[in-house]
Each structure stands twice: as C-alpha cells, then as structure tokens.
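Hi,

I'm passing along the structure we talked about, so that you have it to hand before you start on it. Could you open it alongside this email and follow along as you read?

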Amino acid sequence: QLEEASICRMHGYACAEDYYDANQPDLDAIRVPLLVLHAEDDPVIKAEDLPVEAMRANPRVVVGITKRGGHLGWTGGTLRGPWAPTWTDRVSL
C-alpha cells in the first residue's frame with residue numbers, strides 16, 4: 001500500500017508489482033566486493049524477504065544479518081560527535 005500511494009505515483013509505476021519487477025537487483029552482475037548488512041528487526045524490509053541465498057551465491061557478496069539494528073539503526077552514538085565512526089563503519093573496515 002505504501003509503495004502504491006507514494007513511490008509508484010512519484011515515479012510513474014502502475015502498481016507495486018511493476019515497481020518491484022523493474023527494480024530487482026542483478027546479483028550475478030556484481031563484480032566488486034559488496035557487504036550487505038541487515039537487521040532482523042528492520043520494520044521496513046523483512047529479513048525473510050531478502051534474497052540471501054542468491055546473494056551468497058556470488059563470491060563477491062558478503063551477507064551479515066544482525067538480530068537488532070532496525071532500519072538504518074546501527075549508529076555510533078552522538079556523544080562522540082556527529083562524524084564519529086558508526087558500528088557499520090567499523091564492521092566494513
């Protein structure tokens with residue numbers, strides 16, 4: 001419902017199915033190392049909807065799934081400053 005009310009209207013898709021069909025990633029085409037991080041408690045993208053096996057089939061893709069983190073929730077804390085490294089920065093390096 002969210003997609004059809006906003007994304008589809010803004011970008012000219014007839015329905016959510018058309019939007020998703022047009023935006024499926026070509027995982028076989030990935031030629032550079034890619035780290036995919038996802039949280040099981042993400043309220044926007046369900047972990048069970050991820051193409052985990054397809055991602056893992058490409059040796060250039062590393063998949064990490066955490067129990068918590070929400071949607072873009074792996075922050076480093078504001079007490080260390082706005083440009084302090086976040087958890088995702090430390091994991092990816």
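The accessible surface of the protein chain comes to about 7,300 Å², and carbon and sulfur atoms account for 56% of that area. Please keep in mind that this is a predicted model. Of the 93 residues in the chain, 24% count as buried.

On the overall fold, the chain has four helices and two strands, and along the sequence they follow the pattern α-α-β-α-β-α. The radius of gyration is 16 Å, while the globule rule gives 12 Å for 93 residues; the value is well over the rule, so the chain is more spread out than a compact globule. If you want a box for it, the C-alpha atoms fill roughly 45 × 35 × 20 Å along the principal axes. As for contacts, take those between residues at least 6 apart in sequence: 59% of them join residues at least 24 apart.

E1 provides the largest share, with five residues. By residue class, the lining of this pocket divides into 19 nonpolar, five polar and four charged residues.

I also went through a few individual residues, and here is what I found for each.

Val52 lies in helix H3, which covers residues 52-56. Its relative accessible area is 13%, under the 20% cut-off, so Val52 counts as buried. Leaving out residues up to four places away in sequence, Val52 touches Val63 and Ile65.

Thr66 is part of strand E2, residues 61-66. Setting aside neighbours within four places in sequence, Thr66 is in contact with His38, Ala39, Glu40, Trp74 and Trp87. Met10, by contrast, sits 32 Å from Thr66, C-alpha to C-alpha, and the two are 56 residues apart in sequence.

Asn23 is found in the loop between H2 and E1. Its relative accessibility is 42%, which falls between the 20% and 50% limits, so Asn23 counts as partly exposed. Between the C-alpha atoms of Asn23 and Ala5 there are 17 Å, for a separation of 18 residues along the chain.

What about Leu93: is it buried or exposed? Leu93 lies in the segment after helix H4 (87-92), and its relative accessibility is 89%; that is over 50%, so Leu93 counts as exposed. The C-alpha atoms of Leu93 and Leu27 are separated by 22 Å, and these two residues are 66 apart along the chain.

That is what I have for now.

Best wishes

How values were computed
Residues are numbered from 1 along each chain as its sequence is written. This is a predicted model: local features need pLDDT of at least 70, side-chain atom pairs count only at pLDDT 80 or more; totals for chains, interfaces and linings use all residues. Side-chain values use heavy atoms; hydrogens and water are left out. Ala, Val, Leu, Ile, Met, Phe, Trp, Tyr, Cys and Pro count as nonpolar, Asp, Glu, Lys and Arg as charged, and the others, Gly among them, as polar. The radius of gyration is taken over C-alpha atoms; the globule rule is 2.2 Å times the number of residues to the power 0.38. Buried means under 20% relative accessible area, exposed over 50%, partly exposed in between (1.4 Å probe, protein chains only). Contact means heavy atoms within 4.5 Å. Accessible areas come from the Shrake-Rupley method with a 1.4 Å probe; for residues, only the protein chains shown count as cover.
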